[in-house]
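User: I am new to this structure and would like to go through it by question and answer. Please begin with any term that I shall need.

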Amino acid sequence: MPSPGFIPKKSIRVGFPWHHLPPLLQKVLQEVGAVVQSPVELAFASALGVLSIACQGSRRVKVPIGYTCNIGVYLLTIAGSGVRKSST
């Protein structure tokens, strides 16, 4: 099993799926990317975390084994040095 820092040379970079986002979120992410000078994918990960926290207390999900829990996401950002992770 490769170490967490290993990124295969044959990995495929797919374009960011802008068409799936609401127009307001598209504008916000473009502005954040321009101001902070970070990749839009990092800005999206940060925005997704904020949106998840904002919705977490208002929605619950029933899990297949019978109990309910709050919704939420776990995010892990992996990027090289100098990609502006701290500023995003």
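Analyst: A residue is called buried when its relative accessible area is under 20%, exposed when that area is over 50%, and partly exposed in between. Please note that the model is predicted.

User: Is C55 buried, partly exposed or exposed?

Analyst: The relative accessible area of C55 is 36%. Buried requires under 20% and exposed requires over 50%, so a value in between belongs to the remaining class. C55 is therefore partly exposed.

User: Which class does C69 fall into at 30% relative accessibility?

Analyst: The value for C69 is 30%. Because the middle class lies between buried, under 20%, and exposed, over 50%, C69 counts as partly exposed.

User: How many disulfides does a search of the whole structure find?

Analyst: A disulfide is a covalent bond between the sulfur atoms of two cysteines. For the search, a pair of cysteine sulfur atoms has to lie within 2.5 Å. Over the whole structure, the number of disulfides found is zero.

User: Where is V32 found, and what does V32 touch, not counting residues up to four places away in sequence?

Analyst: V32 belongs to helix α1, which covers residues 23-36. In space, its C-alpha is 9.8 Å from that of L42, a residue ten places apart from V32 in sequence. Leaving out residues up to four places away in sequence, V32 touches Q37 and A43.

User: What is the phi of Q37, and is Q37 buried or exposed?

Analyst: Q37 is placed in the loop between α1 and α2. Although Q37 is not a glycine, its phi is positive, at about 60 degrees. Its relative accessible area is 61%, which is over the 50% cut-off, so Q37 is exposed.

User: What does α2 reach from its first C-alpha to its last, and what do its buried residues pack against?

Analyst: Helix α2, residues 40-56, has 17 residues and reaches 24 Å from its first C-alpha to its last, close to the 24 Å expected at 1.5 Å a residue. Its buried residues are V40, L42, A43, A45, A47, G49 and S52. The element that the buried residues of α2 pack against is α1.

Definitions and conventions: Residues numbered from 1 in each chain as written. Predicted model: local features only at pLDDT ≥ 70, side-chain atom pairs only at ≥ 80, totals over all residues. Heavy atoms only, no water. Helix = DSSP H or I, 4+ residues; strand = E, 2+ residues; numbered from the N terminus. Contact = heavy atoms within 4.5 Å. Buried < 20%, exposed > 50% of the residue type's maximum accessible area, 1.4 Å probe, protein only. Expected span 1.5 Å × (residues − 1).
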